[in-house]
Amino acid sequence: MNLTEFEKILCDFSTGFKTYTKLINDIKRLDSLIQANEKRLNDSLIKIPFTHLYFVDGLGIFKHQTPTLLKQNKQLVSNYNKKLIETKKLSNSLHRQLDAIRSDYLNSNDNEAEEKDRLANKYLGQFGQS
C-alpha cells in the first residue's frame, strides 16, 4: 500500500477511535443514569419485611413517581443498548483497520517504514498522551 492509502487508513482509524471513546463515555454516563434511576425506582416500591419482595400498596396503586421512573428506565436502557451495538460494530472496524496498518507497516521496506513511522506518530501519537 502506498503512503497516501496508509495515511487515509491512519486518519480513518484516528477518527473512528475518537468516536469510539465518545461512545464509551456515553455508555458510562447512561449506565450511571440507569443505576440512579433504578435506585429511585426501588425506593419508590413498598418492601415486604424479611423478604426480598416488593408490592404495590393495599389499593393496588403505585406511588406517583413509579410509572414515570419505569418509562425513563425503558428509554435509558434502549439508548444504552443502541450505543452498545454501535460501539461493538465500531470496535470490529477499528480492529480490522489496525490489523491492516500493522501488516502493511511490517511488510514495508526501510525507507517506507521511516515515512510510515512519521505518519503513525502524527495520527496516533495523540492517543498516547493522556
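Me: By about how many helical turns are Asp 26 and Lys 22 separated in helix 1?

Reply: An α-helix has 3.6 residues a turn, so residues three or four places apart point the same way. In this predicted model, Asp 26 and Lys 22 lie 4 residues apart in helix 1, and therefore about one helical turn separates them. The two form a salt bridge, with 3.0 Å between the closest N and O atoms.

Me: Is Asp 26 buried or exposed, and what of Lys 22?

Reply: Buried means under 20% relative accessible area. Asp 26, at 13%, therefore counts as buried, whereas Lys 22, at 51%, is exposed.

Me: Which side chain meets Asp 26 in a salt bridge with an N to O distance of 3.3 Å?

Reply: Side chains of opposite charge can pair when their charged atoms come close. Here the partner of Asp 26 is Lys 83. This pair links distant parts of the chain, since Lys 83 belongs to helix 2 (residues 66–106) and Asp 26 to helix 1, 57 residues apart. Through shared partners, salt bridges join Lys 22, Asp 26 and Lys 83 into one network. Lys 83 counts as partly exposed, at 23% relative accessibility.

Me: How many salt bridges does a search of the whole structure find?

Reply: The search finds 6. Among them is the one between Lys 122 and Glu 7, at 3.6 Å from N to O. Lys 122 lies in helix 3 (residues 110–128) and Glu 7 in helix 1, 115 residues apart, so that distant parts of the chain are linked. Glu 7 counts as partly exposed, with 25% relative accessibility.

Notes. Residues are numbered from 1 along each chain as its sequence is written. This is a predicted model: local features need pLDDT of at least 70, side-chain atom pairs count only at pLDDT 80 or more; totals for chains, interfaces and linings use all residues. Side-chain values use heavy atoms; hydrogens and water are left out. A salt bridge is a side-chain nitrogen of Lys or Arg within 4 Å of a carboxyl oxygen of Asp or Glu. Helices (H or I, at least four residues) and strands (E, at least two) are DSSP runs, numbered from the N terminus. Buried means under 20% relative accessible area, exposed over 50%, partly exposed in between (1.4 Å probe, protein chains only).
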